[in-house]
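Let's take a walk through this model together.

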Amino acid sequence: MRHRLPPGTRVFAQLKLARYGIGALLSQLEFARALHRAVRRADLPVVYSLGFAPRPRISFASPLPVGVTSDGELVAMQLERSMPSLELARRLRRQLPEGLELVELQVVARSKRALFAGIDLAEYVVDVGYQSAQAEAGEAVCGDAKQSLGERAESAVRQLLNRAEVEVVRRTKKGERTVDIRPAVDRLELCECDSDRFSLRMRVGIAPDAMAKPAEVIAALAADLGELEVLHIHRVALLASRRPRSQMRA
Amino acid sequence: MRRVAKPIRYVGGEWNAVKKDLASVRLKFAFAYPDTYEVGMSHLGLQILYHVLNQRDDTACERVFCPWIDMAALIRSRGDVLRSLESRVPLSDFDIVGISLQHELNYTNVLSLLELGGIPLLAADRGPDDPLVIGGGPCAVNPEPLAYFFDAFVIGDGEEVVHEVVDEYLAWRDDGTLTPPRDELLLRLAALEGVYVPSLYEERELLSGADGGPARRAAGAPRDGAAPERIVRRVVADLDAAPFPTAPIVPFAEAVHDRAMIEIMRGCPRRCYFCQARAIYHPVRWRKLETLKKQTRAILANTGYEEIAPLALNCSDYPQMAELLAYLSTAAGDKHLSVSLPSLRPNVASVELAELAYRAKRTGLTFAPEAGSERLRRTINKPATDEEILTTARAAFEAGWTRLKLYFMIGLPGETDEDVRAITELTRAVARTGNEALGSRRGRLGISLSVNLHIPKPHTPFQWSRQVSPTEFEAKLGILKDTLRSRRIKLRWTNPSQSLLEGMLARGGRDLCDVLRRAYGAGCGFDAWGEQLKLDAWQNAFRECGIDLAERATAEWPVDAPLPWEHIDCGVTRETLLAELRRAHEA
């Protein structure tokens, strides 16, 4: 099989995984280790690196922060040989621990560099709690807090999108610095609203040069709305802003 | 959950974890480990007993670990209780709570488990609805410092006696009486071999004031003859046939030892005088090579581990070690399995074993000469000559290793400054050997020197010896620091305050129960985690009980003094230990 592939091309299994419950509490390292062990139990023909401490060639499009659930984690593993996708998926599914779910698996042949080429956006749904103290002190007393919060959130979202620059403070290992996240906010919309909470659907950049974290977008909205609490973050999908080149079936 | 560090510690759900419907079993057993998840999950005993108990249809075994400080605070502030990982059931809802005693510096965490779990700290305060609290593990060979907190202790190997305890419990509860008295259960348990029920013994005072401290308290004669005078340690006679978990739990979080384990041997054929393991684990038993091969295959298939460690007090003593390693290497052929050898004797044969185990990887090898001079090594009955050690080192360097780790102890009985300087000389000689043997690769030479304070432990010939004080330790360490000045040699040492406390608890009597409670009340916990040790609070707790910690811990004991652990029979007699102590002095 392999000799027919163009030079520099290899066989990969591309996986989409969902992470819920325990799966959302894993650090990137713990997730990688759990997946690796599942792959070994399933006896999948994964390629290992050479050297003193051989590592499986499994790569991840973008690490998921601890506590965030997801429906669209993208993982690629290099295979020694091509195998039917269905067979691979069947074997792996049986070995995945609680909290990790295989959504999709396909075997492809491509160059290593093209693995996650173009993946530069992440879509999130973020549940936000509105400080009850403010709700009580303000509109809630009049009895139409639900509508007011909705309107106010709607307008805060519009304002954010209309601004040319949105500065937030980003905490890194080296300390704090101010960054402009506006170029990295691709889409932002209000999808649900209650008297003390609302949900936002957002599409933000994950590439190093244009990156915005969901919590940073919420922090920027809090400048208009008052204190907000992030209740839950869910990653819907990892996406490419441009259409990827067509894939080759292995 | 997002408010605490490493939430994955508290959620369970790991591969191979067993979650039964608790309504469908007759007995709920909690295996509680008085340290963090990562430490507890590395412990083979947990995996064995979890497996053994869950194989019973009538029993469910679930795990509980000591929550880290942030999680403990969260549990308290929410008015919640400590719960099991599997079914999230409060610890106090279990029928039996088994607490693993692996280390003296975990004792405050034992109290933390009980209190957070909603169980009265003192056994005497527990009623018909409270769980039966049992202790087991190496520290149970001197259970006296914990005597008031436990209903019973199990001394020795747990695989068989745990069934007997469960059976007795069920027989007691189901004997027809509506609320059977707890005392009845304790009497039943005390009749089992290897089970110690502290409340069934009179108390007596020991060593009255002779060492400058007040009397120690310990178990005396059994009350009304209701319990045996001596509690004989349990030994699983046939290790090969003993149950072993071939589908152990695979933690999500990185355990301290995150790998597959096979227990190749139990017990040690040597008699190093400082070592308690001999009393705890003898006689020597091993599993057959065929059994180990079968278990290895099953464990790897069931876990997906990429590393395996053959476990023994010393792997060099397993008769078919070379064959076993050859097998592990071939099984690894296409599975990228790496083998880890945690314990080896300092001899050339061991280097050859290590070559088999670490086919390509030559990162570091560890040997423990324990003492610097040949004389002192004879004293402790680990009599390797300097030449043997250097030949071993040469063999290791020639086989490709560039980094060696050497373990020594300071504060051994009869040790002089000359013996401490001998550590420097031996280490330098190893370094010179490395320089010669490595040739052009000498730039990579590295020697890591690990120095521990010798702690006299119960049931060893040195149990009467004095422990050096932290000040003496620092002084002797100073000799090493002054004489070992090379960037190739890295010196590490243990925290002497921790050793002081460990020694005190290891040889303590019942009077330390009160000290423990006070120390726990003053906020002590996770004492084995260097930065968490609150020595001032401990010293206060001792002072409040009329004990000077430093003085008591460093006192020499007269050999005719009664010992707090004399009623625990580990199989090595007092006469043997005394004879060995005399031999040590003569060496």
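Look at the spot where Tyr107(B), Thr108(B), Leu111(B) and Ser112(B) of helix α4(B) meet Leu516(B), Arg517(B), Ala519(B) and Tyr520(B) of helix α16(B). Sorted by class, the residues in this contact are 5 nonpolar, 2 polar and 1 charged. Keep in mind that you're looking at a predicted model.

How do you describe a pair like this? Helix α4 covers residues 107-116 of chain B and helix α16 covers residues 512-521 of chain B; their axes come within 9 Å and cross at roughly 70°. Angles from 65 to 115 degrees count as roughly perpendicular, and α4(B) and α16(B) are therefore roughly perpendicular to each other.

Now zoom out to the whole of chain B. It holds 19 helices and 19 strands, and along the principal axes its C-alpha atoms fill a box of roughly 80 × 65 × 50 Å. Of the 587 residues in chain B, 48% are buried. Take the contacts in chain B between residues at least 6 apart in sequence: 76% of them join residues at least 24 apart.

Over in chain A, you'll find 5 helices and 12 strands. Here the buried residues make up 27% of the 250 in the chain. Among the contacts in chain A with a separation of 6 or more, 74% come from residues 24 or more positions apart.

Chain A is divided into domain 1 (2-117) and domain 2 (120-240). The C-alpha centres of these two domains of chain A lie 32 Å apart. Where they touch, domain 1 of chain A brings 9 residues and domain 2 of chain A brings 8. On the domain 1 side of that contact in chain A, there are 4 nonpolar, 4 polar and 1 charged residues.

What about the place where the two chains meet? There, 19 residues of chain B are in contact with 17 residues of chain A. The chain B side of this contact divides into 11 nonpolar, 4 polar and 4 charged residues.

You'll find Tyr196(B) in strand β6 (residues 195-196) of chain B. Is Tyr196(B) buried or exposed? The cut-off for buried is 20 or more other C-beta atoms within 10 Å, and Tyr196(B) has 27, so it counts as buried. If you skip its neighbours within four places in sequence, Tyr196(B) is in contact with Pro143(B), Ala152(B), Phe153(B), Ile155(B) and Ile231(B). Take Ile155(B) from that list: it sits 41 residues from Tyr196(B) along the chain, yet their C-alpha atoms are separated by 7.4 Å.

For a contrast, find Ala171(B) in helix α5 (residues 161-173) of chain B. A residue is exposed if 12 or fewer other C-beta atoms lie within 10 Å; Ala171(B) has 12, and that's why it is exposed. From Ala171(B) to Leu185(B) is 14 residues in sequence, and 9.2 Å in space, C-alpha to C-alpha.

Last stop: the backbone. Most residues other than glycine have a negative phi, and most peptide bonds are trans. With that in mind, check Glu370(B), where phi is near 70°, a positive value in a residue other than glycine. Glu370(B) lies in strand β15 (residues 365-370) of chain B, and it is buried, with 22 other C-beta atoms within 10 Å.

His459(B) also has a positive phi, near 65°, and isn't glycine either. You'll find His459(B) in the loop between β17 (446-453) and α14 (470-483) of chain B. With 21 C-beta neighbours inside 10 Å, His459(B) counts as buried.

And which form does the peptide bond from His282(B) to Pro283(B) take, cis or trans? That bond is cis, with omega near 0°. Pro283(B) itself is in the loop between α7 (277-281) and β12 (285-286) of chain B.

How values were computed: Residues numbered from 1 in each chain as written. Chains lettered and ligands numbered in written order. Predicted model: local features only at pLDDT ≥ 70, side-chain atom pairs only at ≥ 80, totals over all residues. Helix = DSSP H or I, 4+ residues; strand = E, 2+ residues; numbered from the N terminus. Contact = placed C-beta atoms within 7 Å. Domains from an automatic or database assignment. Nonpolar A, V, L, I, M, F, W, Y, C, P; charged D, E, K, R; others polar. Axes fitted to C-alpha atoms, helices over the stretch in contact; angles between N-to-C directions. Parallel < 35°, antiparallel > 145°, perpendicular 65-115°, else oblique.
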